[in-house]
Amino acid sequence: MILLEADEARTGSRMRGAGPGSSPPASAPADSPAAAPSSPDIDLAALVAPDLDRLYGYCVRLAGDPHDAEDLVQETLLRAIRRRSTLRDPARTRAWLFAIATNCWKDLGRARGRTPRTTPHDSVDENDRFSLFQTIAIEDPFPYSDALHLDFLRLFEDEDIQAVFTTMTPAFRAPILLTTIHGFSCKEAAGILEIPLGTLLSRLHRGRKQLERGLWEYAVRRRLVTVSEAT
């Protein structure tokens, strides 16, 4: 927040002094949360403050490392300052921030020479055939439970969930994080990721299957559940 306030103090008068002949900001994609200029007098620090914790949590799960997440948050805030005039609607600040953070994450991967692991949409994925509900019902690790799924999820601490997320295909992980963890609609998530809605829905389905399998295998590997020898 100090970074935001200091930069706004340096740049506010310059931006307010821009006249009709000044160059307009570069336009964002039509489906992006940031597509039309807003008032240069917006209090960006106040708008960003309520979402900083959520932004950091998103970056941690995207990057899989707290130090990288801190770098992502810092770069996101710097870009937000530079692109403040592209914020279409202050009420959608969170989606705008998450879109910037996602692009920062992609840029970080490219800078480090990492190619995101992807899966062709028409390929056969063994995760598609996996059902967490059926697996829990068959193995019956909680024989006296009336809420199998809830009892299973209660086995996991935050660090366990994070460990599973880091094993997921990045293209499948981001839609899960945006919709299931942070509550964005599918349309909003598609805009943040800059992909068609149909692609988002496909990745979301496959991401859920991959997450289910990851949770089960993690629980078995860490002996959080007792299973038959045949499993």
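Buried residues, meaning those under 20% relative accessible area with a 1.4 Å probe and protein chains only, make up 43% of the 231 residues in the chain. The chain has 11 helices and 0 strands, where helices (H or I, at least four residues) and strands (E, at least two) are DSSP runs numbered from the N terminus. The model is predicted, so that local features need pLDDT of at least 70 and side-chain atom pairs count only at pLDDT 80 or more, while totals for chains, interfaces and linings use all residues. Residues are numbered from 1 along each chain as its sequence is written, and side-chain values use heavy atoms, with hydrogens and water left out.

**Aromatic rings**

- Rings of Phe, Tyr and Trp (its six-membered ring) pair if their centres lie within 6.5 Å; planes under 30 degrees apart count as stacked, over 60 as edge-to-face and the rest as tilted.
- The count by this rule is 5 aromatic pairs.
- One of them is the stacked pair of Tyr-58 and Phe-98, with 4.7 Å centre to centre and 25 degrees between the planes.
- This pair links distant parts of the chain, since Tyr-58 belongs to helix α3 (residues 52-63) and Phe-98 to helix α5 (residues 93-111), 40 residues apart.
- Both Tyr-58 and Phe-98 are buried.
- Phe-98 also pairs with Phe-184: the ring centres are 5.2 Å apart and the planes stand at 65 degrees, so the pair is edge-to-face.
- Distant parts of the chain are linked here too, with Phe-98 in helix α5 and Phe-184 in the loop between α9 (170-181) and α10 (186-193), 86 residues apart.
- Phe-184 is buried, as is Phe-98.
- Elsewhere, ring pairs link Phe-152, Phe-156, Trp-216 and Tyr-218 into a cluster.

**A charge over two rings**

- A charge sits over a ring if NZ of Lys or CZ of Arg is within 6 Å of the ring centre and within 35 degrees of the ring normal.
- The charged end of Arg-94 sits over the ring of Phe-184, 4.4 Å from its centre.
- The charged end of Arg-94 also sits over the ring of Phe-98, 6.0 Å from its centre.

**The second largest pocket**

- A pocket is an open set of points on a 1 Å grid over the protein atoms alone, where a 1.4 Å probe fits, with protein on both sides within 12 Å along at least five of seven lines; lining residues have an atom within 4 Å of a point.
- The second largest pocket holds about 340 Å³ of space, a volume being the space filled by probe spheres set on the points.
- Its lining has 15 residues, of which Leu-153, Thr-180, Leu-211, Glu-212 and Leu-215 lie nearest the pocket centre.
- At least two lining residues come from each of α7 (148-153), α8 (158-166), α9 and α11 (197-221).
- The most is given by α11, with 4 residues.

**Cysteines**

- A disulfide is a pair of cysteine sulfur atoms within 2.5 Å, and the count by this rule is 0 disulfides.
- The sulfur of Cys-104 is 7.8 Å from the closest cysteine sulfur, in Cys-59, which is too far for a bond.
- Cys-104 has a relative accessible area of 3% and is therefore buried.
- Cys-186, at 26% relative accessibility, counts as partly exposed, the class between buried and exposed (over 50%).

**Asp-160**

- Asp-160 lies in helix α8 and counts as buried at 11% relative accessibility.
- The C-alpha atoms of Asp-160 and Arg-222 are separated by 9.8 Å, although these residues are 62 residues apart along the chain.
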